[in-house]
Amino acid sequence: LTFLESFQINDTGERINRIKAALRLYHDEKDHVFEEKAVEESVKLLQLQVQLEKEYAQSFTGLSLSSTVYKLITINQSARASKVRESLKMPDKRFWWIKLRALVEIRDWDGVATL
Amino acid sequence: TGAHLGHTSLNIDSLRDLARKELVNVLDSVQGKKGLILDPNLSGPLSLIAEFALLKAKHIHTHTRDSRPGLYTYSLFFVPRRTALCEKVLEDEGVFGEITKGEYHLDLIPLEDDLLSLEWDSTFKELYLDQDTTSIYYAAKALMRLQRIYGWFPRILGKGDYSKALCDMMLRMRREMAVDDLDASQTTQMSQTIDSLIIIDRSVDMVTPLCTQLTYEGLIDEIFHIKNSFVEVDASLTTTAPVQAGAGASGSTSSGSGTVLGKKKKVPLNGGDKLFGELRDLNFAVVGGLLNKVAKRINADYEQRHNAKTVPQIREFINKMGGLAAEHQSLRLHTSLAEQIMDYTMTDDFNRILEVQQNVVAGIATNKEPEYIEEMINKQVPLVQVLRLLCLYSLVNNGLKPKQFDFFKKEILEAYGYEHIQTLENLRRLGMLTKQVTTKNTYSLVRRSLSLIVDEVNEHAPNDISYVYSGYAPLSVRLVQCVVQRGKEPGTAAGGGKGSGVAGGSGWKGFEDVLRMLPGRTFDEKQRVEDGQPTYTKKSNGQPRISLVFFLGGCTFTEVSATRFLASQEGGLRDFVICTTQILNGNTLVDSLVQKVPDLHATV
């Protein structure tokens, strides 16, 4: 629940703190190994997004991992997208799907051809 | 509104009149000119009860909230009941003493002659996720009201824990009534028309609503979403003339939101439209052909004008013109609706989803299905669609294998956002998306013993309810069939033998094994009147007996169609009246469980 509350908070720094609180709660319970890991990843993603927002002056927070990667490719930052994908261990299959869709969206046919 | 009601032995019309009269009373209780502010959730259902003209006649004009305070006295009417919580809120706001409060008992709203609904959209989530049983209370109240009108139901059968709770509550309310209002309780007779009430709990059958509905009305609901028996379509479909001037226009204006919403238009869909009445329950596969036939007929009717030579002949034709124009209008609407549906059903995505779905419910196990779901996630199709198929897969297979389970959860979170941890938790709690614990598969046993999968389906001349999903018979309606058609040999339906009445029939007998496999309790209660009069007096005047089927937690249009089909099999000996808490489909069901997060960027 603390985790869900975090979505109401506008300030990202504050939000990360709140998520970390949720993380501790999940950690205390043994049955929630999966959730714990997922929440951990969500923090990572959020931190990354904050960084991206600084770099590209575009909003990234609130997007899912897939959408983040997608958006990066559509703004011609494929290299950066690959990096994000690696740091959060996105499966190959999905990555290529995203890349394909994103390239089609920006009509980058050369990019599609070199896939 | 409601011209289409009141054509069966159970006079549903009277139910609506009662609701309407009460509304008038409620409104009359406030003196003078009135402004009416409606909760947007209410305007739809209300328009099914009373048309705008009626409200206007009562000196009501809709007004906005900015009207000067002080000039008005405020009255507040709670629908369907006032609760302690609401009063507390009013007290906290410090306005408790300043407003007049009242209640308007709006409960079961007749959508059709054979379809009543509480139109309470959130019941499914409330009941099964939040375990909030308020809706059972309202359902029980509504059923008690039906019993006051039509008499005690001789027999109440059902399946599922909440069904049982509903039944118990009704029985208790009857006992309380005997104490509080002896008169009313004694004057209420055993019902002569309704011989049974069958309550089916949504939790018993979660598979059916997740399947894509393949009837005409079902598909309209899947694609356009029917709300309070109105559907919003592109205005261009109906521009040439107002559709069904009488029934339609008045209903939608009174809803306050206006008839034309941007470029959308609200169109009523009910039995008042004869063509729709013919089409709604059919498998979509045959709709095109039928539309074509009707078009030809109407055309031929128009052509008759050339044959009209004599004055009386011409007059006759002109008399027919009105009806013809209306028919033409409705034909135009349904042809364009059907065209749009066709566009949708022709897409690859639709067909692949359907294929996967059919394989899943038929238990044809390959590893293609999970692969396709994975592909859907990769393509970032709307989450609701993904979950719908994934839940179906999980339900049918008694859960996902642990590795698969974690894989899909991770995929979904990464593709759609981490807030869906809660969505997944909701689905897990409901048992819709779970980790496999045993390999014992109840669904496949149930499927076999109730023959839910029928290979040979004739969509043109259906002989089994499975036509509605092109091969899958909805479990919920199969259960109803168990009760009703038991003890009667096929083909001798007209014989009226010992077992042909549900009241004296064998109930669930013969199906105990299957029922044990399904979740929740099974029950079979008989109601009596005090003076020891026999529970059910056999009637011989040839009027059909009526079974009330109550879907607690909502039902789909397809289930309605399937139940209507059951009635048609009974050769006029039995009718069904369907009651439900709300009409749902897989999308609305899953959507109610999806965790929503506020869009922070919208406020920035």
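**View 1. The open sheet of chain B and its edges.**
In this predicted model, seven strands of chain B form an open sheet of 7 strands, which follow one another in the order 5-6-15-14-8-7-13 and show mixed pairing. At the edges lie strand 5 (109-112) and strand 13 (522-526) of chain B, each of which pairs on one side only. From one strand to the next, the twist averages 20°.

**View 2. Strand 14 of chain B and its two partners in the sheet.**
Strand 14 (residues 545-552) of chain B pairs with strand 15 (residues 574-580) of chain B in the parallel sense, over 7 bridges. Along this pairing, B:Arg545 stands opposite B:Arg574 of strand 15, and B:Val549 stands opposite B:Ile578 of strand 15. Strand 8 of chain B also pairs with strand 14 of chain B in the parallel sense, over 7 bridges, and here B:Ile200 is found opposite B:Phe551 of strand 14.

**View 3. The side chains of strand 14 of chain B.**
How many of the residues of strand 14 of chain B are buried? The strand is mostly covered, with 8 of its 8 residues buried. B:Arg545, B:Ser547, B:Val549 and B:Phe551 point one way from strand 14 of chain B, while B:Ile546, B:Leu548, B:Phe550 and B:Leu552 point the other way, and all are buried.

Helix 7 (residues 161-180) of chain B lies across strand 7 (155-159), strand 8 (194-201), strand 13 and strand 14 of chain B, and runs at about 140° to strand 8 of chain B. Helix 23 (residues 557-569) of chain B lies across strand 5, strand 6 (115-117), strand 14 and strand 15 of chain B, and runs at about 165° to strand 15 of chain B.

**View 4. The packing of helix 14 against helix 15 in chain B.**
Two packed helices are described by the angle between their axes and the distance between the axes. For helix 14 (residues 311-346) and helix 15 (residues 348-362) of chain B, the angle is about 65° and the axes are 5 Å apart, which means that helix 14 of chain B is roughly perpendicular to helix 15 of chain B. At the contact, B:Tyr344, B:Thr345 and B:Met346 in helix 14 of chain B meet B:Asp348, B:Phe350 and B:Asn351 in helix 15 of chain B. By class, this contact has 3 nonpolar, 2 polar and 1 charged residues.

B:Arg202 is placed in the loop between strand 8 and helix 9 (207-210) of chain B. Is B:Arg202 buried or exposed? With a relative accessible area of 2%, B:Arg202 is buried. Leaving aside its neighbours within four places in sequence, B:Arg202 is in contact with several residues, among them B:Phe124, B:Tyr128, B:Ser476, B:Leu552, B:Cys555 and B:Glu559.

Over all chains, the structure holds 0 disulfides.

Note on methods:
Residues numbered from 1 in each chain as written. Chains lettered and ligands numbered in written order. Predicted model: local features only at pLDDT ≥ 70, side-chain atom pairs only at ≥ 80, totals over all residues. Heavy atoms only, no water. Pairing = 2+ DSSP bridges. Helix = DSSP H or I, 4+ residues; strand = E, 2+ residues; numbered from the N terminus. Axes fitted to C-alpha atoms, helices over the stretch in contact; angles between N-to-C directions. Contact = heavy atoms within 4.5 Å. Parallel < 35°, antiparallel > 145°, perpendicular 65-115°, else oblique. Nonpolar A, V, L, I, M, F, W, Y, C, P; charged D, E, K, R; others polar. Disulfide = S-S within 2.5 Å. Buried < 20%, exposed > 50% of the residue type's maximum accessible area, 1.4 Å probe, protein only.
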